[in-house]
Amino acid sequence: MGLISSHHADAYFEGGEPGGADWSHLHPRTEWFHVRELDPGVHVISEPGHVNSYLIQGTELAVLVDTGLGVANIRSVAESLTGQPLQVINSHYHFDHSGGNRLFGDIAIHEAGKALLERPAPDGLAPGYMKYVERLLDAWQDYKDADDVFFHLLSAERMVRPLPEDFNPDDYKIVPTVATRTLVDNEVIDLGGRQLRVLHTPGHSPDSICLLDESNGLLFGGDTINTGPIYAQLEDSDLEDFASSTARLAELADSVRRVFVCHFMRLDNPASLLREVAEGFDAIVHGDVEYRDNVDCLDFPVKEACFDNFSVFVNGGSGSLRV
Ligand SMILES: [Zn+2]
């Protein structure tokens, strides 16, 4: 009990600002991006609690898989990690994967995403996401306090950070961008000493892709594979497509070592996740699951099917959301 009391004393009195709580123990990390080398030549550039982008280097070219929310400069982070020319590849057109596109000259997306990337975002999406950020930071206070005393799961890259100081959430805008190159299924991108195969995996959105680094056994799952809720409830989501795309990925499970995903805190996964997700979607399309009520990040009601290492959001029956 002594330890807990002194922890509280530190947090709420000695270190406290006059008239307010001291949040420094809640946000010990203030840099917006967290960078870590996951495999030789492969870095995650994550926005913890939001989205994970990946920098993959060959000897001639570096590919940045996704550009994040666009609330801070991901280009300068990528350039600090590589001197090679940068090719952006969007895993799909959604704003949280293409928010930094405007900082780059060379952007590739699956051919089904070209027009979607150029389309203006629905009204309310940008402020709606900023409201989510507010709820996330509010929730973080109790979560971090409980972790400090009981659970000890929070590593540096799992620390949610406050928005960057020079960023005003009221000014957040989702800016349409134009792809300079389109990709097709099974196309191979040569980075020099490393090749990435494009796998068109529609389901989450019509243009969703995964990238497969066959010789190193790495799969970049986009939003097709995730370790929290997999979003299958959106206006342009399709459950049948999701089931066939994830069945295709499950066939790769024996030749893949690691699966890197775009959302949530468990970004580095064994290939067995591919089979689990495929089995989950198979159960969903066969009506073989039970659902509970939940809300997505825009506070929209959804039905959630829960599995051991992930869940799936499907349309809650009150319409679906365009992002
Ligand atoms: Zn998405």
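**Entry 1: helix H7**

I started with the length of helix H7, residues 272–285. Its 14 residues at 1.5 Å each should span 20 Å, and I find the end C-alpha atoms 21 Å apart, which agrees. The expected span here is 1.5 Å times one less than the number of residues. Helices (H or I, at least four residues) and strands (E, at least two) are DSSP runs, numbered from the N terminus.

I note the provenance before going on: this is a predicted model, in which local features need pLDDT of at least 70, side-chain atom pairs count only at pLDDT 80 or more, and totals for chains, interfaces and linings use all residues. Residues are numbered from 1 along each chain as its sequence is written.

Which residues of H7 are buried? I list Leu273, Leu274, Val277, Ala278, Gly280, Phe281 and Ile284. Seen down the axis of H7, these buried residues fall within an arc of 160°, so they line one face of the helix. The arc is that of the directions from the helix axis to the C-beta atoms. For burial I use a count of other C-beta atoms within 10 Å of a residue's own: 20 or more is buried, 12 or fewer is exposed, and in between is partly exposed, with C-beta atoms placed from the backbone.

I then looked up what covers that face. The cover includes helix H6 (239–250) and the strands S13 (258–260), S14 (268–270), S16 (301–306) and S17 (311–315). Contact means C-beta atoms, placed from the backbone, within 7 Å. After H7 comes Gly287, with a positive phi near 70°.

**Entry 2: the sheet with S15 and S16**

I traced an open sheet of four strands in the order S12-S17-S16-S15, with mixed pairing. Strand S12 (229–231) and S15 stand at the edges, each with a single partner strand, so one side of each has no neighbour in the sheet. The twist averages 45° from one strand to the next. Axes are lines fitted to C-alpha atoms, for helices over the stretch in contact, and angles run from 0 to 180 degrees between N-to-C directions.

I checked the pairs at both ends. S12 and S17 run parallel and are joined by three bridges. Tyr231 stands opposite Phe313 in S17. S15 (residues 292–295) and S16 run antiparallel, with four bridges. Strands count as paired if DSSP finds at least two bridges between them. Asn294 faces Val302 of S16 as its opposite residue. S15 and S16 form a hairpin with five residues between them, and Asp299 in the turn has a positive phi of about 65°.

I moved to H2, residues 74–81, where Ile74, Val77 and Ala78 are buried. They cover an arc of only 95° around the axis, which puts them on the same side of H2. The face turned away carries the exposed residues Ser76 and Ser80. Among the elements that cover the buried side are S1 (34–39), S3 (51–57) and S5 (86–89).

S5 is covered on both faces: Leu86 and Val88 are buried on one side, Gln87 and Ile89 on the other. S4 and S5 pair in the parallel sense over four bridges. Ala62 has Leu86 as its bridge partner in S5.

**Entry 3: two loop residues**

Where does Arg102 lie? I find Arg102 in the loop between helix H3 (95–98) and strand S6 (107–110). Arg102 is partly exposed, with 15 other C-beta atoms within 10 Å. Arg102 touches Val175 and Thr177, not counting residues up to four places away in sequence. Val178 is 76 residues from Arg102 in sequence and 8.8 Å away in space, C-alpha to C-alpha.

Ile174 sits in the loop between helix H5 (125–151) and strand S7 (181–183). Ile174 is partly exposed too, with 19 other C-beta atoms within 10 Å. Beyond its neighbours within four places in sequence, Ile174 is in contact with Phe95, Ala121, Leu125 and Ala126.

**Entry 4: the whole chain**

I count seven helices and 17 strands in the protein. Of its 323 residues, 39% count as buried. A compact globule of 323 residues would have a radius of gyration near 20 Å, and the protein has 20 Å, which agrees. That radius is taken over C-alpha atoms, and the globule rule is 2.2 Å times the number of residues to the power 0.38.

Note on methods. Contact = placed C-beta atoms within 7 Å.
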